[in-house]
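The sequence and structure are shown first.

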Amino acid sequence: MISPRVLSLVCIFIVGSVVAAEHPTEAMRLWAGKAPEALGDTEKDIPTLTPYWPDADKATGAAFIVAPGGGYRNLAAHEGEPFAKWLASQGIAAFVLKYRLTTDGYYVPVSLLDATRAMRTVRSHAAEWGIDPKRIGMIGSSAGGHLTAMCM
């Protein structure tokens with residue numbers, strides 16, 4: 001016979017595994033098919049969100065979408081993943097937005113579509129991801145800051 005203590009630990013492990021399994025770990029496409037205004041079907045034409053999750057014991061229920069800068073010509077790597085990892089270390093879920101760029105033939109109205117879709121995506125999955133839909137923000141640097149201001 002299994003002791004109640006061992007049984008409760010097994011249940012906690014199983015529940016924890018199920019909750020963790022619900023969190024996507026890879027970059028997610030913002031649209032299931034071709035994105036609106038897409039000029040093609042290559043990597044540069046596919047906006048994504050890459051999640052960074054806090055440890056379960058630190059999770060606050062808050063989340064941020066991180067929009068890297070780069071003058072709408074590139075996405076500054078040092079303004080995406082490092083910010084997201086820091087936010088996650090503080091208990092805040094973070095999602096790095098890969099938006100479409102001018103060097104690939106896209107302009108600000110299209111990037112704004114990507115940003116607003118990112119916000120809607122995180123809000124629509126808030127309950128299953130353990131995020132409070134009233135505690136989702138967006139932060140950006142340079143062009144990403146401009147995009148964040150337009151989105152808000």
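How do the residues of the lining of the largest cavity divide into nonpolar, polar and charged? In this predicted model, the lining comprises 3 nonpolar, 2 polar and 4 charged residues. The residues concerned are R29, G33, K34, A35, A38, G40, D41, D45 and I46. The space in the largest cavity is about 30 Å³, and the count of cavities of 30 Å³ or more is 1.

| Salt bridge | N to O distance |
|---|---|
| E43 and K98 | 3.2 Å |
| K85 and E81 | 3.6 Å |
| R100 and D114 | 2.7 Å |

The salt bridge of E43 with K98 links distant parts of the chain, 55 residues apart: E43 lies in the loop between β1 (28–29) and β2 (48–52), and K98 in strand β4 (residues 93–98). E43 is exposed, at a relative accessible area of 58%, whereas K98 is partly exposed at 21%.

The side chains of R100 and D114 likewise form a salt bridge between distant parts of the chain, with R100 in the loop between β4 and α3 (108–124) and D114 in helix α3, 14 residues apart. R100 counts as buried because its relative accessibility is 1%, and D114 is buried at 0%.

K85 and E81 pair within helix α2 (residues 81–89), where they are 4 residues apart and therefore separated by about one helical turn. K85 is partly exposed at 47% relative accessibility, and E81 is partly exposed at 37%.

Technical notes. Residues are numbered from 1 along each chain as its sequence is written. This is a predicted model: local features need pLDDT of at least 70, side-chain atom pairs count only at pLDDT 80 or more; totals for chains, interfaces and linings use all residues. Side-chain values use heavy atoms; hydrogens and water are left out. On a 1 Å grid over the protein atoms alone, a cavity is a set of points where a 1.4 Å probe fits but cannot get out, and a pocket is an open set with protein on both sides within 12 Å along at least five of seven lines; lining residues have an atom within 4 Å of a point. Grid points are joined across faces, edges and corners, and a volume is the space filled by probe spheres set on the points. Ala, Val, Leu, Ile, Met, Phe, Trp, Tyr, Cys and Pro count as nonpolar, Asp, Glu, Lys and Arg as charged, and the others, Gly among them, as polar. A salt bridge is a side-chain nitrogen of Lys or Arg within 4 Å of a carboxyl oxygen of Asp or Glu. Helices (H or I, at least four residues) and strands (E, at least two) are DSSP runs, numbered from the N terminus. Buried means under 20% relative accessible area, exposed over 50%, partly exposed in between (1.4 Å probe, protein chains only).
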